[in-house]
Amino acid sequence: MRLIFQSLPWVAPAVPEPIAQLYRRRGVLLNVKKRDVLKSGGEHPKCFFLLRGLCAYEIPNLVRGSASTLSLIVPGRSMCDISAAVDERVNVRTRAWQDSVVLAMPPGTLEEEAARSPEFGRALMHDITAKEESHIEGMAANFSLEPEMRLRVLFKVLLAVYGLPIRQEGTVLPLLLNNSQLGSIVNLTRVSVSRILAGWQRAGLIEKSGRTIIARAPLFEPVYDWLDGPGRSVCTKLENYRPSELRPMAD
(Lines give C-alpha, C1' and ligand atoms only; values in the text may rest on other atoms or scores of the structure.)
Protein backbone atom coordinates (compact mmCIF):
# COMPACT_ATOMS: atom_id res chain seq x y z
CA MET A 1 0.00 0.00 0.00
CA ARG A 2 2.89 2.33 0.85
CA LEU A 3 6.19 2.07 -0.98
CA ILE A 4 8.34 4.92 0.39
CA PHE A 5 6.78 7.10 3.08
CA GLN A 6 4.18 6.58 5.80
CA SER A 7 1.53 8.66 4.02
CA LEU A 8 -0.98 6.74 1.92
CA PRO A 9 -1.04 7.19 -1.86
CA TRP A 10 -3.71 9.37 -3.51
CA VAL A 11 -5.35 10.56 -0.25
CA ALA A 12 -3.50 12.88 2.11
CA PRO A 13 -3.85 12.51 5.89
CA ALA A 14 -6.24 14.74 7.83
CA VAL A 15 -4.83 18.13 8.83
CA PRO A 16 -3.55 18.53 12.41
CA GLU A 17 -6.19 19.86 14.79
CA PRO A 18 -4.59 23.33 15.26
CA ILE A 19 -4.91 23.92 11.50
CA ALA A 20 -8.50 22.65 11.45
CA GLN A 21 -9.34 24.98 14.34
CA LEU A 22 -7.91 27.98 12.46
CA TYR A 23 -10.10 27.21 9.44
CA ARG A 24 -13.16 26.94 11.70
CA ARG A 25 -12.30 30.25 13.36
CA ARG A 26 -11.33 32.30 10.30
CA GLY A 27 -12.95 30.47 7.37
CA VAL A 28 -16.08 31.48 5.46
CA LEU A 29 -18.61 28.76 4.72
CA LEU A 30 -19.15 28.03 1.01
CA ASN A 31 -21.36 25.55 -0.82
CA VAL A 32 -19.68 24.16 -3.92
CA LYS A 33 -21.56 22.37 -6.68
CA LYS A 34 -20.35 19.17 -8.34
CA ARG A 35 -17.85 19.93 -11.15
CA ASP A 36 -17.20 23.47 -9.87
CA VAL A 37 -13.54 24.54 -9.91
CA LEU A 38 -12.39 26.03 -6.61
CA LYS A 39 -9.00 27.03 -7.92
CA SER A 40 -7.01 26.58 -11.11
CA GLY A 41 -3.36 27.32 -11.80
CA GLY A 42 -2.86 28.99 -8.42
CA GLU A 43 -4.62 32.10 -9.73
CA HIS A 44 -5.53 33.40 -6.27
CA PRO A 45 -4.03 32.85 -2.80
CA LYS A 46 -7.14 31.48 -1.08
CA CYS A 47 -7.08 28.10 0.63
CA PHE A 48 -9.92 25.81 1.68
CA PHE A 49 -10.89 23.15 4.20
CA LEU A 50 -13.32 20.41 3.14
CA LEU A 51 -16.15 19.76 5.59
CA ARG A 52 -18.42 17.57 3.45
CA GLY A 53 -18.32 16.06 -0.02
CA LEU A 54 -15.41 15.10 -2.25
CA CYS A 55 -12.90 17.13 -4.25
CA ALA A 56 -9.78 16.29 -6.25
CA TYR A 57 -6.56 17.79 -7.50
CA GLU A 58 -6.47 17.39 -11.27
CA ILE A 59 -3.64 17.88 -13.75
CA PRO A 60 -5.10 19.34 -16.98
CA ASN A 61 -3.67 18.06 -20.23
CA LEU A 62 -4.57 20.25 -23.19
CA VAL A 63 -2.77 17.94 -25.61
CA ARG A 64 -4.62 14.78 -24.53
CA GLY A 65 -7.83 16.66 -23.82
CA SER A 66 -8.52 15.01 -20.46
CA ALA A 67 -7.24 15.48 -16.94
CA SER A 68 -5.32 13.09 -14.69
CA THR A 69 -6.08 12.97 -10.97
CA LEU A 70 -3.18 13.82 -8.69
CA SER A 71 -5.10 13.00 -5.50
CA LEU A 72 -8.52 12.82 -3.90
CA ILE A 73 -9.54 15.26 -1.19
CA VAL A 74 -11.89 13.85 1.43
CA PRO A 75 -13.37 15.69 4.46
CA GLY A 76 -10.91 16.87 7.08
CA ARG A 77 -8.31 17.88 4.49
CA SER A 78 -7.18 21.33 3.42
CA MET A 79 -6.81 22.39 -0.20
CA CYS A 80 -4.70 24.85 -2.18
CA ASP A 81 -2.62 25.92 0.82
CA ILE A 82 0.74 25.01 -0.72
CA SER A 83 0.37 27.23 -3.79
CA ALA A 84 -1.19 29.95 -1.60
CA ALA A 85 1.72 29.88 0.83
CA VAL A 86 4.39 30.32 -1.85
CA ASP A 87 2.24 32.46 -4.18
CA GLU A 88 3.15 30.28 -7.16
CA ARG A 89 1.20 29.42 -10.30
CA VAL A 90 0.87 25.66 -10.71
CA ASN A 91 -0.66 23.49 -13.41
CA VAL A 92 -3.19 21.94 -11.03
CA ARG A 93 -6.88 22.62 -10.59
CA THR A 94 -9.00 21.82 -7.57
CA ARG A 95 -12.44 20.59 -8.52
CA ALA A 96 -15.50 19.27 -6.68
CA TRP A 97 -16.39 15.68 -7.56
CA GLN A 98 -19.52 15.91 -5.43
CA ASP A 99 -21.62 18.74 -4.03
CA SER A 100 -19.37 19.90 -1.21
CA VAL A 101 -19.18 22.26 1.76
CA VAL A 102 -15.88 24.06 2.38
CA LEU A 103 -14.39 26.75 4.57
CA ALA A 104 -12.53 29.40 2.53
CA MET A 105 -9.80 31.25 4.40
CA PRO A 106 -8.47 34.72 3.54
CA PRO A 107 -5.01 35.01 1.95
CA GLY A 108 -2.06 35.10 4.34
CA THR A 109 -3.92 33.61 7.33
CA LEU A 110 -1.76 30.48 7.57
CA GLU A 111 1.45 32.49 7.28
CA GLU A 112 0.31 34.98 9.94
CA GLU A 113 -0.50 32.20 12.39
CA ALA A 114 2.77 30.40 11.67
CA ALA A 115 4.72 33.63 12.31
CA ARG A 116 2.86 34.11 15.59
CA SER A 117 3.15 30.53 16.87
CA PRO A 118 6.18 28.24 16.30
CA GLU A 119 4.04 25.25 17.33
CA PHE A 120 1.52 26.09 14.61
CA GLY A 121 4.38 26.55 12.14
CA ARG A 122 5.64 23.05 12.93
CA ALA A 123 2.15 21.59 12.50
CA LEU A 124 1.85 23.35 9.14
CA MET A 125 5.24 22.04 8.03
CA HIS A 126 4.30 18.47 8.98
CA ASP A 127 0.95 18.79 7.18
CA ILE A 128 2.47 20.10 3.95
CA THR A 129 5.22 17.46 4.05
CA ALA A 130 2.67 14.66 4.55
CA LYS A 131 0.65 15.93 1.58
CA GLU A 132 3.66 15.99 -0.70
CA GLU A 133 4.64 12.50 0.47
CA SER A 134 1.12 11.30 -0.38
CA HIS A 135 1.43 12.81 -3.88
CA ILE A 136 4.78 11.07 -4.36
CA GLU A 137 3.35 7.76 -3.10
CA GLY A 138 0.52 8.03 -5.63
CA MET A 139 2.90 8.73 -8.51
CA ALA A 140 5.21 5.90 -7.39
CA ALA A 141 2.27 3.48 -7.29
CA ASN A 142 1.10 4.49 -10.77
CA PHE A 143 4.64 4.20 -12.10
CA SER A 144 5.72 0.94 -10.47
CA LEU A 145 2.64 -1.23 -9.85
CA GLU A 146 0.79 -3.41 -12.33
CA PRO A 147 -2.70 -2.18 -13.29
CA GLU A 148 -4.64 -4.65 -11.12
CA MET A 149 -2.43 -3.94 -8.12
CA ARG A 150 -2.98 -0.17 -8.44
CA LEU A 151 -6.71 -0.70 -8.17
CA ARG A 152 -6.33 -3.12 -5.24
CA VAL A 153 -4.18 -0.56 -3.43
CA LEU A 154 -6.64 2.27 -4.13
CA PHE A 155 -9.53 0.24 -2.69
CA LYS A 156 -7.51 -0.60 0.42
CA VAL A 157 -6.53 3.06 0.83
CA LEU A 158 -10.18 4.15 0.69
CA LEU A 159 -11.12 1.65 3.39
CA ALA A 160 -8.20 2.78 5.56
CA VAL A 161 -8.96 6.49 5.14
CA TYR A 162 -12.58 6.04 6.20
CA GLY A 163 -11.67 3.63 9.02
CA LEU A 164 -13.59 0.69 7.57
CA PRO A 165 -12.53 -2.89 8.42
CA ILE A 166 -11.57 -5.42 5.78
CA ARG A 167 -14.03 -8.30 6.21
CA GLN A 168 -13.89 -11.77 4.74
CA GLU A 169 -17.51 -11.46 3.63
CA GLY A 170 -16.89 -8.00 2.17
CA THR A 171 -16.95 -4.28 2.95
CA VAL A 172 -18.71 -1.60 0.91
CA LEU A 173 -16.26 0.94 -0.51
CA PRO A 174 -17.05 4.38 0.92
CA LEU A 175 -17.05 6.41 -2.32
CA LEU A 176 -19.30 5.90 -5.33
CA LEU A 177 -16.82 6.52 -8.14
CA ASN A 178 -17.41 5.63 -11.77
CA ASN A 179 -14.86 3.66 -13.79
CA SER A 180 -13.54 6.78 -15.52
CA GLN A 181 -12.84 8.42 -12.15
CA LEU A 182 -11.16 5.29 -10.80
CA GLY A 183 -9.05 5.13 -13.96
CA SER A 184 -7.99 8.76 -13.73
CA ILE A 185 -6.64 8.13 -10.20
CA VAL A 186 -4.63 5.00 -11.03
CA ASN A 187 -3.68 5.98 -14.60
CA LEU A 188 -5.88 3.48 -16.41
CA THR A 189 -8.55 3.80 -19.07
CA ARG A 190 -12.22 3.30 -18.27
CA VAL A 191 -12.18 0.12 -20.39
CA SER A 192 -9.22 -1.30 -18.43
CA VAL A 193 -10.94 -0.62 -15.10
CA SER A 194 -14.15 -2.26 -16.36
CA ARG A 195 -12.21 -5.33 -17.48
CA ILE A 196 -10.39 -5.66 -14.14
CA LEU A 197 -13.58 -5.28 -12.09
CA ALA A 198 -15.41 -7.82 -14.24
CA GLY A 199 -12.59 -10.32 -13.68
CA TRP A 200 -12.66 -9.76 -9.93
CA GLN A 201 -16.41 -10.21 -9.92
CA ARG A 202 -16.13 -13.54 -11.73
CA ALA A 203 -13.45 -14.63 -9.24
CA GLY A 204 -15.69 -13.72 -6.27
CA LEU A 205 -13.30 -11.03 -4.99
CA ILE A 206 -15.90 -8.26 -5.25
CA GLU A 207 -19.61 -7.73 -5.70
CA LYS A 208 -20.72 -4.81 -7.85
CA SER A 209 -24.09 -3.14 -8.34
CA GLY A 210 -23.94 0.10 -10.30
CA ARG A 211 -21.21 2.14 -8.62
CA THR A 212 -21.47 0.24 -5.33
CA ILE A 213 -18.55 -2.13 -4.82
CA ILE A 214 -18.24 -4.66 -2.00
CA ALA A 215 -14.61 -5.75 -1.63
CA ARG A 216 -13.79 -9.03 0.10
CA ALA A 217 -10.66 -9.69 2.16
CA PRO A 218 -8.95 -12.03 -0.38
CA LEU A 219 -8.77 -9.09 -2.81
CA PHE A 220 -6.17 -7.44 -0.57
CA GLU A 221 -4.00 -10.45 0.27
CA PRO A 222 -1.37 -9.67 -2.44
CA VAL A 223 -1.08 -5.98 -1.47
CA TYR A 224 2.43 -4.98 -0.45
CA ASP A 225 3.02 -2.42 2.31
CA TRP A 226 6.44 -1.76 3.77
CA LEU A 227 4.79 -0.79 7.09
CA ASP A 228 2.10 -3.44 7.35
CA GLY A 229 0.99 -6.69 5.75
CA PRO A 230 2.79 -8.91 3.22
CA GLY A 231 6.35 -7.81 2.53
CA ARG A 232 6.55 -5.73 5.71
CA SER A 233 10.00 -4.31 6.35
CA VAL A 234 11.53 -4.28 9.81
CA CYS A 235 12.95 -0.79 10.26
CA THR A 236 15.19 0.41 13.05
CA LYS A 237 15.86 3.90 14.27
CA LEU A 238 19.53 4.82 14.52
CA GLU A 239 20.52 5.65 18.09
CA ASN A 240 22.91 8.55 18.74
CA TYR A 241 23.37 9.06 15.01
CA ARG A 242 25.94 11.71 14.17
CA PRO A 243 26.84 12.14 10.48
CA SER A 244 30.23 13.60 11.38
CA GLU A 245 31.26 10.28 12.96
CA LEU A 246 30.78 8.36 9.73
CA ARG A 247 33.96 7.36 7.97
CA PRO A 248 34.40 6.41 4.29
CA MET A 249 34.70 2.73 3.59
CA ALA A 250 38.10 1.37 2.69
CA ASP A 251 38.71 0.45 -0.92
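User: At what angle do α1 and helix α4 pack?

Analyst: This is a predicted model. The axes of α1 and α4 (residues 118–144) lie 9 Å apart. Angles from 65 to 115 degrees count as roughly perpendicular, and α1 is therefore roughly perpendicular to α4. The packing angle is about 105°.

User: Which residues of α1 and α4 make that contact?

Analyst: Both helices contribute side by side in the list. From α1 come P18, I19 and L22. From α4 come F120, A123, L124 and D127.

User: How far apart are the axes of helix α3 and α4?

Analyst: Helix α3 covers residues 109–116, and its angle to α4 is about 130°. The two helices are therefore oblique to each other. L110, E113, A114 and R116 of α3 meet P118, F120, G121 and L124 of α4. The axes are 5 Å apart.

User: How many helices and strands does the protein have, and what share of its residues is buried?

Analyst: The secondary structure comes to seven helices and 11 strands. The protein has 251 residues. Buried means under 20% relative accessible area. The buried share is 42%.

User: Of the contacts between residues at least 6 apart in sequence, what share joins residues at least 24 apart?

Analyst: The count takes in contacts between residues at least 6 apart in sequence. Those joining residues at least 24 apart make up 74%.

User: Which residue in β7 stands opposite Y57?

Analyst: Strand β4 (residues 55–59) and strand β7 (residues 93–96) pair in the antiparallel sense. Four bridges join them. Opposite Y57 stands T94.

User: Which strands does β3 pair with?

Analyst: Five bridges join β3 (residues 47–52) to an antiparallel strand at residues 100–105, where R52 stands opposite V101. Two bridges join β3 to another antiparallel strand, at residues 78–79, where F48 stands opposite M79. The partners are β8 and β6.

User: Is S78 buried or exposed?

Analyst: S78 is found in strand β6. Its relative accessibility is 2%. The cut-off for buried is under 20%, so S78 counts as buried.

User: Which side chains make polar contacts with the side chain of S78?

Analyst: S78 touches V15, Y23, F48, F49, Y57, D127 and K131, not counting residues up to four places away in sequence. The polar contact between the S78 and K131 side chains is 2.5 Å. Another, at 3.2 Å, links the side chains of S78 and D81. The partners are K131 and D81.

User: How far apart in space are S78 and V15, C-alpha to C-alpha?

Analyst: In sequence, S78 and V15 are 63 residues apart. V15 is one of the residues that S78 touches. Their C-alpha to C-alpha distance is 6.7 Å.

User: Which side chain makes a polar contact with the side chain of R2?

Analyst: R2 lies in the segment before α1 (17–26). With a relative accessible area of 15%, R2 is buried. Leaving aside neighbours within four places in sequence, its contacts include E137, Y224, W226 and D228. The polar contact, at 3.0 Å, is with D225.

User: Which strands stand at the edges of the open sheet of three strands?

Analyst: The order is β9-β11-β10, with antiparallel pairing. An edge strand here has a single partner strand, so one side of it is left without a neighbour in the sheet. The edge strands are β9 (171–172) and β10 (206–209).

User: What is the bridge partner of T171 in β11?

Analyst: β9 and strand β11 (residues 212–215) run antiparallel. Two bridges join them. The partner of T171 is A215.

How values were computed
Residues are numbered from 1 along each chain as its sequence is written. This is a predicted model: local features need pLDDT of at least 70, side-chain atom pairs count only at pLDDT 80 or more; totals for chains, interfaces and linings use all residues. Side-chain values use heavy atoms; hydrogens and water are left out. Two strands pair if DSSP finds at least two bridges between them. Buried means under 20% relative accessible area, exposed over 50%, partly exposed in between (1.4 Å probe, protein chains only). Contact means heavy atoms within 4.5 Å. A polar contact is a pair of N or O atoms within 3.5 Å; within protein, one must be able to donate a hydrogen and the other to accept it, and residues adjacent in sequence count only if both atoms are side-chain atoms. Axes are lines fitted to C-alpha atoms, for helices over the stretch in contact, and angles run from 0 to 180 degrees between N-to-C directions. Angles under 35 degrees count as roughly parallel, over 145 as roughly antiparallel, 65 to 115 as roughly perpendicular and the rest as oblique.
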